[in-house]
Structures are given as structure tokens and as C-alpha cells.
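Have the model open while you read.

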Amino acid sequence: MLYELRTYEAMPGKLPALNTHLKVAADLFKSHELDVLGFWTDEFGASLQVTYMWMYKTFEDRQKKVAAFASDSAWQQQVAQETEQAGVVVARTHNTMLQLTPYSPEPQIKTKVQEWRIYDAVPGRLPDLHNRFANHTLGLFEKHGISNIGYWTEVFGTSNRLVYMLGYPSLGDREKSWKGFMKDPDWQKARAESERTGPLVTKVYNRILRSTAYSSRG
């Protein structure tokens, strides 16, 4: 399976139009068998963007389905109408092609709040980071009420990057769970042992996400 994370940045003042754009697209995705993990807005920070994730078997499968969707007369009519009424809606689009790690669960969205996290590993230490997640971190997350949604590496681009998604019932639960996780002696031991020859991660990025009203949750 391949996964494609896509972020759409709306033109200023056009976020409602972007949501309409993607709501219509979400319905048409189903008719073209373009499976979607979810649609999200950022809880903090970037207020003009919406992110979603496509899922498909192969890159060839993607090309075939996306081409069929793009040529759908209903979609072309929708784009023409919204352009006439609202002008250009989308300012920029970013996409990242991803593949699951061997230790990732099958991604499912069952929580109200999700968090997208990116770890840039120290050169040569990505295997050690994978080992720590596979043998320690995932289990400790679950112990502290953090849902493991999915773990990926990039198909193209940054080769020393791990990206993953976590889930929480609420923002308050997220704060409580992370405090418990960071204080857990088993985590502190696993981290210390994995970093005996130096840190594993150079940079950490995260985004708190909330599912849109038109996002289907598994």
C-alpha cells in the first residue's frame, strides 16, 4: 500500500470555499475508489489549510484513479462553478508519498484529535529509531492512552525521516498522556539505552489535527 499526504492552502478568505471543494471531492473519491484515511484542519497555527490522505495499492493504481477522477464531468463542472463564483480557491498544494513501516498498524481513525509528527533522524541512525519505536515506543504509547494510527517513511525525498500519526480523545487527554509517557521509567530507560552513542533525532515537527465534518472515520 502507498499513502499520499496532501495539504491544500486556501487563498485568503477562501477556506469555506476550499472545504466545499473538498467535500464534493470526497464524495467523488468514493465513486472512483480513491480511498481516504481522513480530512483534517489544523487545531493551531495554519488556519487556511486542509490536509487529507489518499491510500492505494500501487503508484500505477494511483495514476489510473486520479486520472479518472480528474476527467469526471461532475468534478470538472464543480471546479468551473466554484471558480466562477469564488475565483481561485487553492493557493498551493503540497504532497508527500509515503509507505508504511513494517511495525505500523493498519491506519484507522477512531479518535477526535490526531497528531502528525515528523522525526528527522541523525544520519545513519534511522534503523535505531525504528528499533526503538517497534520494540518500546508503540507499546508505551498504548500504555498511556495514546493511539498508534500509522507510521511511515517517505517514498521520495528525505531518506532519514520517520513520520507518524497518533490519536487522542481530546486535547486534554493528549496533554495528560504525554506527561505520563515522558515520566515513565520504562521510556526513560529505553531512550537512554538507544542513545548511548548519541541522540537519534535532530529535529521534531508536529501538527495537531482535527477531522473535518466530511471526514469519514473508520
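Let's start with Gln-78, which is buried at a relative accessible area of 15%; buried means under 20% relative accessible area, with a 1.4 Å probe and protein chains only. This is a predicted model, where local features need pLDDT of at least 70 and side-chain atom pairs count only at pLDDT 80 or more, while totals for chains, interfaces and linings use all residues. Residues are numbered from 1 along each chain as its sequence is written, and side-chain values use heavy atoms, leaving out hydrogens and water.

Gln-78 sits in helix H3 (residues 73–86); helices are DSSP runs (H or I) of at least four residues and strands (E) of at least two, numbered from the N terminus. Setting aside neighbours within four places in sequence, Gln-78 contacts Thr-20 and Val-24, with contact meaning heavy atoms within 4.5 Å.

Now the rings. Phe, Tyr and Trp (its six-membered ring) pair if their centres lie within 6.5 Å, and planes under 30 degrees apart are stacked, over 60 edge-to-face, the rest tilted. That rule gives 22 aromatic pairs. Here are two:

| Pair | Centres | Planes | Type |
|---|---|---|---|
| Tyr-3 and Trp-152 | 5.7 Å | 65 degrees | edge-to-face |
| Tyr-119 and Phe-133 | 5.8 Å | 65 degrees | edge-to-face |

Tyr-3 is in strand S1 (residues 2–10) and Trp-152 in strand S6 (residues 147–154), so this pair ties together parts 149 residues apart in sequence. Both Tyr-3 and Trp-152 are buried.

Tyr-119 belongs to strand S5 (residues 113–121) and Phe-133 to helix H4 (residues 126–143), 14 residues apart. Tyr-119 is buried at 10% relative accessibility, and Phe-133 is buried at 2%. One aromatic cluster includes Tyr-119 and Phe-133, along with Tyr-103 and Trp-187 among others.

Note on methods
Buried means under 20% relative accessible area, exposed over 50%, partly exposed in between (1.4 Å probe, protein chains only).
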